[in-house]
Amino acid sequence: MSQHKVALLGVPVDHNSSYLPGAASAPARIREAIHCDSSNMWTELGVNLGDNENWVNVGDIAFPNDDRQQTSQMIRATALELIAEGKRVLSFGGDHSVSFPLIDAHAQSYDGLNVLHVDAHGDLYDDFGGNPLSHASPFARLMETGRISRLLQVGIRTLNSHQRAQAAKFGVEIIEMKDWSDNAQIGFDGPVYLSIDLDGLDPAFAPGVSHYEPGGFSSRQVIDIIHNFKGALIGADIVELNPHRDINNMTAMVAARLSKEIMGRLLVGG
Ligand code: MN
Ligand code: MN
């Protein structure tokens, strides 16, 4: 089985959060949870991450200040560098603002990129609080680049008229949570980037997030999505863990479980 190189990248940014800070401390918590001795390093699909030298922790991006444009540029440049080295990047946010430069770097590197986005929110605001890089707007900024083949959002349960209009304008495909079926066939032609906002899960499963939106996915459902969608996964991020709101690290452990399943799929391809 072919093996790809995988890089785990921390992106400790929360100055684009509209409601609560805290997500900047998430990458360290997720890394600790991945290595926590309470679990092992096997994925459910049989990849032993503990016996695999093809993935590496590349640490956190060291941002010199809170300048939003500079931060975004550094994220994009770091991702472009890792991709150019032949690595598949799994990034840990940070708030969801980090996904715009991360996905854009992949779209610049992979023709016809598709995006699968798990979230309670569409994150499609044209303008939210006067901050174009807000965590409420990354998928609007991304679609404005014209480089994305398809954006499919799942788990959404907070659409308003503005975001519906934005989705129509950009041709965003949305399976709202109210319409979700575990038999949904999700498939893409070509490369796929997966972006998981942990508030896409129900707060009963993932309480360590800033925005509680009851009625979301179970951990099991998100793991099944990771395992089952058709397409070639080439990069991913897990964002919006807010350790200040977590209970006994349970959300960090959910993020770690999702990370391991994503790493397994990134390593073996498909
Ligand atoms: Mn989000
Ligand atoms: Mn969200």
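1. In this note, a residue is called buried when its relative accessible area is under 20%, exposed when that area is over 50%, and partly exposed in between, using a 1.4 Å probe and protein chains only. By that criterion Trp 180 is buried, with a relative accessible area of 15%.

2. The model is a predicted one, in which local features need pLDDT of at least 70 and side-chain atom pairs count only at pLDDT 80 or more, while totals for chains, interfaces and linings use all residues. Residues are numbered from 1 along each chain as its sequence is written, chains are lettered from A and ligands numbered from 1 in the order in which they are written, and side-chain values use heavy atoms, with hydrogens and water left out.

3. Strand β1 covers residues 5-11, and six of its seven residues are buried; strands (E, at least two residues) and helices (H or I, at least four) are DSSP runs, numbered from the N terminus. Two strands are taken to pair if DSSP finds at least two bridges between them. β1 pairs in the parallel sense with β3 (residues 87-93) over seven bridges, and in the parallel sense with β2 (residues 55-60) over four bridges. Val 6 has a bridge partner in each of these strands, namely Arg 88 in β3 and Trp 55 in β2.

4. Because Asp 119 lies in the loop between β4 and α4 and Asp 197 in strand β7, the pair ties together parts that are 78 residues apart in sequence. Asp 119 is buried at 0% relative accessible area, and Asp 197 is buried at 2%.

5. Aromatic rings of Phe, Tyr and Trp (its six-membered ring) pair if their centres lie within 6.5 Å, with planes under 30 degrees apart counted as stacked, over 60 as edge-to-face and the rest as tilted. The whole structure holds three such pairs. One of them joins Tyr 125 and Phe 128, which is edge-to-face because the planes stand at 70°, with the centres 4.8 Å apart. Here Tyr 125 is buried at 18%, whereas Phe 128 is partly exposed at 32%.
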